[in-house]
Amino acid sequence: MEKFRMFFQHFQSSSESVMNGICLLLAAVTVKLYSSFDFSCPCLARYNALYGLGLLLIPPLGLFLCGLLANRQSVVMVEEWCRPAGQRRKDPGIIRYMCSSVLQRALAAPLIWILLALLDGKCFVCAFSSSMDPEKFLDFANMTPSQVQLFLAKVPCKEDELVRDSPARKAVSRYLRCLSQAIGWSITLLLIVVAFLARCLRPCFDQTVFLQRRYWSNYVDLEQKLFDETCCEHARDFAHRCVLHFFASMQSEMRARGLRRDPEPPEMPNGLDGDGSRKAHLRAVSSREQVDRLLSTWYSSKPPLDLVASPGPWACGLNHRAPTGAPGTRLSQHTDL
Amino acid sequence: MDKFRMIFQFLQSNQESFMNGICGIMALASAQVYSAFDFNCPCLPGYNTAYSAGILLAPPLVLFLLGLVMNNNVSVLAEEWKRPPGRRAKDPAVLRYMFCSMTQRALIAPVVWVAVTLLDGKCFLCAFCTAVPVTVLGNGSLAPGLSRPELARLLARVPCPDIYDGDWLLARDVAVRYLRCVSQALGWSFVLLTTLLAFVVRSVRPCFTQAAFLKSKYWSHYIDIERKLFDETCTEHAKAFAKVCIQQFFEAMNHDLELGHAHGALATAPAASAAPVATDGAEEEREKLHGITDQGTMNRLLMSWHKCKPPLRLGQEEPPMGNGWVGGGPRAPHKEVATYFSRV
């Protein structure tokens with residue numbers, strides 16, 4: 001049990017590990033999708049190139065968008081970008097960091113698809129068989145150009161009667177597959193080298209700035225999650241109190257009408273110990289207008305990242321007065337307590 | 001058991017992630033149902049299109065409705081929509097938010113079905129085999145020799161390899177490859193379009209209506225939680241009601257027995273010793289009753305809950321009279337901010 005709890009807590013505590021998990025999941029889905037997809041080249045002159053290249057490029061685009069969609073941090077990044085500055089100024093460096101981390105993770109699945117397609121070779125053969133140079137192969141010497149074109153268009157279809165068991169078809173197909181695999185492996189090597197260099201050389205440049213940006217982008221994500229959770233808890237307490245209030249108001253209504261039989265109504269959940277925490281939690285924000293005001297203020301004017309200097313940064317938001325004020329005035333409002 | 005309970009708690013702690021889980025399961029189920037389905041093209045001129053259109057459109061509709069049904073927010077939305085305003089105004093933005101979020105999740109399984117159908121190609125092949133350009137793909141010179149119905153009858157058999165007899169006109173493989181290519185292109189375009197639309201909606205929204213979105217999200221969660229808590233409170237109340245009712249019945253019977261049989265000390269002594277225990281238990285149960293102690297009142301409460309929900313305003317408790325705020329007027333919410341904030 002402890003293991004599970006620690007596992008979930010670890011996952012939820014670091015949004016980076018959650019994102020890595022989603023990235024891996026999407027990569028696995030890509031592999032499964034590619035292997036279960038039934039490739040069938042049309043083997044017609046103009047359609048081959050469209051089909052082959054389309055299959056090489058359009059699914060990666062769709063997978064890239066899926067990667068962006070599945071990543072919660074992309075929404076957090078856009079929110080951080082679009083929010084009004086309020087009391088917390090915006091740092092473009094953090095937004096850039098979040099953007100690059102989101103893009104890197106979203107690029108994994110499309111790259112896997114492209115590499116799989118190239119290493120497999122079918123897409124490449126389908127797309128480029130019609131544009132092969134027949135002079136490379138001796139078998140085409142006796143054919144007219146139109147026959148050659150027809151033949152080349154049918155190379156990707158092994159079972160077609162025109163090209164079945166033809167050594168020329170096998171030669172062209174082998175050549176194109178070899179080319180495709182060479183390109184695939186080169187791209188793989190290039191990507192790995194680039195990733196390796198980027199990872200190794202990054203500490204040489206701006207390491208402190210990088211650490212700060214990573215911290216604050218993680219912070220923004222966690223803060224948003226915690227805000228949502230706190231809102232949920234608050235909604236639960238609000239609802240609980242509302243329901244109990246309702247029962248109590250029915251009871252007082254009955255009393256007012258003289259219909260009650262008990263002389264002394266039972267108290268509302270009394271004592272501050274069991275329910276005190278809930279009451280304290282709710283007292284500040286206990287009406288629809290206050291909740292709406294709280295939420296608008298959260299959006300338009302997030303509190304500054306300074307817990308020590310201003311003990312009540314939310315005071316400005318929940319006041320009826322103007323939201324911006326010097327810290328001095330805020331403190332004096334609190335000393336009124 | 002503990003493990004399962006923890007997993008359910010984890011999923012339910014965030015209701016949205018629970019709904020996402022259900023969505024994912026339905027999408028997988030949709031793909032699985034398609035692969036298990038035995039597609040049988042009728043290979044007759046008029047029926048092909050009807051069969052394929054049915055396969056392409058009817059299951060997505062069923063999956064969409066199933067997605068809505070499995071989402072328990074449907075009844076919450078309907079209730080919120082139909083209730084009389086009473087003391088709590090209705091917010092159309094909240095209703096729209098609930099409707100949108102339900103529809104988005106319910107649309108995933110149908111989209112998966114349509115995408116898988118198009119990418120597989122059998123449905124498209126069955127529907128459009130009679131529209132293949134014979135002059136381009138096959139022996140175009142022989143085509144004018146056939147009348148239109150005959151050509152249609154011939155081409156309609158393309159999806160069925162064992163009864164196709166038109167190889168002299170058009171090789172079956174060529175037609176099948178051509179139609180599959182078109183079908184797969186349409187399928188991928190559909191997938192790309194849907195993901196692009198979803199991406200634009202998701203990414204662009206925070207730039208426009210974020211504050212309103214936060215409000216709608218909060219209040220839609222609130223409505224759901226309030227309904228659940230009300231049901232729980234009613235259940236507790238019903239239990240307490242029943243307990244007190246039964247206790248009263250037994251006490252009344254006991255009292256009758258005492259009056260009827262004059263057993264004097266023998267009867268009263270155990271009754272007296274049992275009485276304090278009974279009153280303690282009864283007191284606790286009576287507290288749970290919140291003063292609602294008869295059927296008429298309870299019925300009135302339930303009717304009132306539906307017809308006239310309480311306003312969203314809890315500030316009935318007196319604020320602490322520390323510094324001269326004498327009741328009335330605007331309460332000072334910022335006084336309690338320190339307490340609230342320190343909890344975060």
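**Salt bridges**

I searched the whole structure, a predicted model, for salt bridges (a side-chain nitrogen of Lys or Arg within 4 Å of a carboxyl oxygen of Asp or Glu) and found 13 of them over all chains. Residues are numbered from 1 along each chain as its sequence is written, chains are lettered from A and ligands numbered from 1 in the order in which they are written, and side-chain values use heavy atoms, with hydrogens and water left out.

I looked up A:Glu223 and found it bridged to A:Arg88, with the closest N and O atoms 2.8 Å apart. This pair links distant parts of the chain, 135 residues apart, since A:Glu223 sits in helix H9 (residues 207–256) of chain A and A:Arg88 in the loop between H4 and helix H5 (92–120); helices here are DSSP runs (H or I, at least four residues), as strands are (E, at least two), numbered from the N terminus. Both A:Glu223 and A:Arg88 are buried, a term I use for under 20% relative accessible area, with exposed meaning over 50% and partly exposed in between (1.4 Å probe, protein chains only).

I then followed B:Arg177, whose side chain meets that of A:Asp160 in a salt bridge at 3.1 Å, N to O. B:Arg177 lies in helix H10 of chain B and A:Asp160 in the loop between H7 and H8 of chain A, so the pair joins two chains. I note B:Arg177 as buried at 11% relative accessibility and A:Asp160 as buried at 7%.

In helix H11 (residues 210–260) of chain B, B:Lys228 and B:Asp224 are four residues apart and therefore separated by about one helical turn, and their side chains form a salt bridge of 3.7 Å, N to O. B:Lys228 is partly exposed at 43%, while B:Asp224 is buried at 7%. I also recorded one network, in which salt bridges that share partners join A:Lys154, A:Asp160 and B:Arg177.

**Disulfides**

A:Cys43 lies in the loop between helix H2 (15–36) and helix H3 (47–70) of chain A and A:Cys157 in the loop between helix H7 (145–154) and helix H8 (167–201), so the pair ties together parts that are 114 residues apart in sequence.

Another disulfide pairs A:Cys82 with B:Cys207, their sulfur atoms 2.3 Å apart. With A:Cys82 in helix H4 (residues 72–82) of chain A and B:Cys207 in helix H10 (residues 172–208) of chain B, this pair joins two chains.

For A:Cys99 I found the closest cysteine sulfur, in A:Cys82, at 12 Å, too far for a bond.

**Annotated regions**

The unreviewed UniProt entry annotates residues 21–37, 49–69 and 185–204 of chain B as "transmembrane region"; the positions follow the numbering used here, feature names are shortened, and annotations may be inferred rather than shown by experiment. I checked residues 49–69 of chain B and found 100% helix and 0% strand, with the end C-alpha atoms 30 Å apart. Residues 185–204 of chain B are 100% helix and 0% strand, with 28 Å between the end C-alpha atoms.

Methods. This is a predicted model: local features need pLDDT of at least 70, side-chain atom pairs count only at pLDDT 80 or more; totals for chains, interfaces and linings use all residues. A disulfide is a pair of cysteine sulfur atoms within 2.5 Å.
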